[in-house]
Amino acid sequence: MKIAVFIKQVPAVDTVKIDEDTGTMVREGVEAELNPLDLHALEAAIRLREANSGTRVTAVTMGPLPARKILAGAIAMGCDDAALLSDRKFAGADTLATARVLAAYVKYAGGFDLIFTGERATDGETGQVPPALAEFLGCPALTYVSGIDQIDSGKAVVERSVEGARETLLTPLPAVFSVIKEINKPRLTTLSGKMRAKTVEIPVCGAADLGLEDDVIGLKGSPTRVTKVLYPKVIRSGSKYFMAENVDKAMEALRSYLSEGGFLDFANERAAAR
Amino acid sequence: MKSGGEVWTLAEMREGALHGSALELLAWGRDLADKRRARLASVVLASSVGEDDIERLAIHGADVIYIAEAPELRHFLVDSQTKTLRDMVRKYNPDIFIASATTQGRTVMPALYAALGTGLTADCTELDIDPMNGLLIQTRPAIGGNVMAEILTPNHRPQMCTVRPKSKRPLPPDDTRRAKIVRYSPASESAASLLARLSYKQESSVGAPIQEAEIIVAGGKGMKRAANFQLLRELATELGGSLGASRMAVDLGWVPYSAQVGLSGKSVTPRLYIACGISGAVQHIAGMSGAERVIAINTDPEAPIFNSANIGIVGDAMEVLPRLIAEIKQAKGGRNVS
């Protein structure tokens with residue numbers, strides 16, 4: 001079985017800046033890390049490889065050259081190999097243009113039986129790429145996957161976590177699974193893994209390798225445009241009451257605040273109970 | 001400005017019944033449709049749609065209701081929905097298409113925009129129409145709410161977006177409103193799915209799922225141990241709310257992941273958020289900054305959570321909560337007597 005895991009480099013949350021002219025993130029000088037939710041996608045793939053002989057796991061990311069670092073980390077964790085999709089022409093891509101590049105890579109690599117992704121990236125927070133990728137590949141997108149019950153001969157049974165419920169679905173493969181954090185506990189990388197990562201060569205694929213025309217990728221191939229960026233300040237009055245100083249005053253503040261908001265109005269509830 | 005194509009809203013069905021988000025979307029869409037002098041539509045995909053559900057959509061603001069019925073559309077299966085919606089969009093050419101950012105909306109909309117080759121903006125907190133050109137202005141938070149971005153889809157149609165559940169209240173019902181019903185017959189090859197649903201199990205939890213909760217009582221590491229979460233459950237139950245948690249509390253195994261609020265958990269938009277023993281890491285704030293009102297209870301007066309709270313109680317949640325629960329019980333009981 002051939003498995004791909006699409007991962008993403010994200011800026012460390014508290015250090016991000018935005019270019020006010022272009023509305024895009026300034027990635028220079030900001031510390032980058034692997035999207036934490038992607039660890040669960042890598043772990044899910046590596047576990048399948050361990051349980052099924054002859055399975056190969058490839059970690060893939062689209063990003064600037066330094067994104068090679070997260071691919072090396074994926075190999076250190078246990079992936080067999082990796083590919084970096086990098087080209088100046090990919091810059092400014094929205095989720096649609098990104099999914100197109102990933103889909104082109106899947107075809108270029110001769111297809112995969114299974115593609116894993118994290119639920120969403122912690123920077124853009126859209127989670128739009130996995131279903132878009134599946135659509136471009138003409139295969140099902142299984143989102144919010146919390147467990148894989150069974151996987152064999154071109155079929156899989158997966159559990160999805162949806163609002164207040166769990167559902168299990170039977171899907172043919174290939175398919176795209178975007179997994180949630182709950183699916184597993186990612187392993188730590190070992191020293192031998194890190195050593196191996198140094199010996200594995202990571203190929204770089206550009207637009208020309210993937211046969212992508214300029215007008216479907218990058219900013220040019222993106223239907224959406226960021227036109228303005230605002231820095232909101234969430235202003236809350238933040239009055240503080242100290243239990244150690246005056247318990248009654250603190251409790252009174254709580255009570256009146258709840259009451260103001262109508263949260264202590266139980267009249268309807270009582271009427272409904274009758 | 002000349003009148004534009006229709007504004008569509010996806011009326012989500014859950015286990016055979018219309019989900020409340022369908023009415024919230026009509027509240028979002030009504031203003032946009034009026035500004036564009038366009039018709040506002042609900043689109044329902046199901047095995048069958050009840051008359052009372054159709055009536056609810058009409059009295060809450062829909063001018064048109066598109067109904068696509070097929071046995072294969074009984075459950076949410078992403079491929080049947082995507083293909084059917086793709087066919088409908090191509091046939092009727094709406095200008096704007098909005099869905100709720102539920103697990104269904106966040107699955108079908110990204111598949112659909114890829115099938116149509118248009119733009120999609122996730123989790124908008126504001127939508128407006130540009131008076132100059134009639135374009136949909138989509139505002140969404142990014143990077144953990146540190147920035148708000150205005151996003152346009154200038155040249156592709158429909159302009160697609162999702163909005164968070166519970167971020168707008170349904171319009172008051174107007175019993176005199178009538179909607180035009182358009183029945184659409186899905187093509188059988190479009191309604192067909194590669195997937196099969198084998199089981200569906202409801203999970204027991206306190207209150208609504210946090211993404212849809214009006215009130216959330218959340219706890220963090222400062223609750224000290226799993227058993228103390230009982231206080232939070234009790235308060236949530238008394239207020240009619242749901243239980244939430246910080247990543248720390250989830251990683252310690254005190255609360256299931258489905259309750260996690262924050263960057264690696266859920267983003268929530270309740271009317272009231274009560275944070276107990278939560279220090280307020282950037283990642284947590286990112287998930288709850290959309291709350292209308294915030295109460296924080298923490299022993300550390302310097303905890304960053306207080307900067308995101310309307311009311312801060314500096315004290316031990318284990319001391320504050322029992323008092324608060326007792327007061328609420330008294331308020332309920334006391335007024336029952338009168």
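This is a predicted model: local features need pLDDT of at least 70, side-chain atom pairs count only at pLDDT 80 or more; totals for chains, interfaces and linings use all residues.

Trainee: How many residues does the contact take from chain A and from chain B?
Mentor: Treat the two sides separately. Chain A gives 78 residues. Chain B gives 93 residues.

Trainee: What area do chain B and chain A bury between them?
Mentor: The size of an interface is often given as the accessible area lost when the parts come together. Here 58% of that area lies on carbon and sulfur atoms. The total for chain B and chain A is about 7,700 Å².

Trainee: Which residue of chain B forms a salt bridge with Glu163(A)?
Mentor: The count between chain B and chain A is 6 salt bridges. For the one with Glu163(A), the closest N and O atoms are 3.7 Å apart. That falls within the 4 Å cut-off. The partner is Arg14(B).

Trainee: Which element supplies the largest share of the side of chain B that touches chain A?
Mentor: Across this interface, 34 residue pairs are in polar contact, both residues at pLDDT 80 or more. On the chain B side, the largest share is 9 residues. They come from residues 317-337 of chain B, helix H9.

Trainee: How many residues on that side of chain B are nonpolar, polar and charged?
Mentor: Sort the side that touches chain A by class. There are 20 charged and 30 polar residues. The nonpolar count is 43.

Trainee: Which residue in S13(B) is the bridge partner of Thr168(A)?
Mentor: Start with the strands. Within S13(B), Thr168(A) pairs with Ser199(B).

Trainee: Why does the radius of gyration of chain B agree with a compact globule?
Mentor: Chain B has 9 helices and 18 strands. Its C-alpha trace spans about 60 × 45 × 40 Å along the principal axes. With 338 residues, a compact globule would come near 20 Å, so the value for chain B agrees: 22 Å.

Trainee: What is omega for the cis bond joining Arg157(B) and Pro158(B)?
Mentor: Locate the proline. Pro158(B) is in the loop between strands S10 (147-152) and S11 (159-163) of chain B. Omega is about -5°.

Trainee: What is phi of Arg37(B)?
Mentor: Arg37(B) lies in the loop between helix H1 (21-36) and strand S4 (40-46) of chain B. Its phi is positive, in a residue other than glycine. The value is near 50°.

How values were computed. Residues are numbered from 1 along each chain as its sequence is written. Chains are lettered from A and ligands numbered from 1 in the order in which they are written. Side-chain values use heavy atoms; hydrogens and water are left out. Contact means heavy atoms within 4.5 Å. Buried area is the accessible area (1.4 Å probe) that two parts lose on being put together, summed over both. A salt bridge is a side-chain nitrogen of Lys or Arg within 4 Å of a carboxyl oxygen of Asp or Glu. A polar contact is a pair of N or O atoms within 3.5 Å; within protein, one must be able to donate a hydrogen and the other to accept it, and residues adjacent in sequence count only if both atoms are side-chain atoms. Helices (H or I, at least four residues) and strands (E, at least two) are DSSP runs, numbered from the N terminus. Ala, Val, Leu, Ile, Met, Phe, Trp, Tyr, Cys and Pro count as nonpolar, Asp, Glu, Lys and Arg as charged, and the others, Gly among them, as polar. Two strands pair if DSSP finds at least two bridges between them. The radius of gyration is taken over C-alpha atoms; the globule rule is 2.2 Å times the number of residues to the power 0.38.
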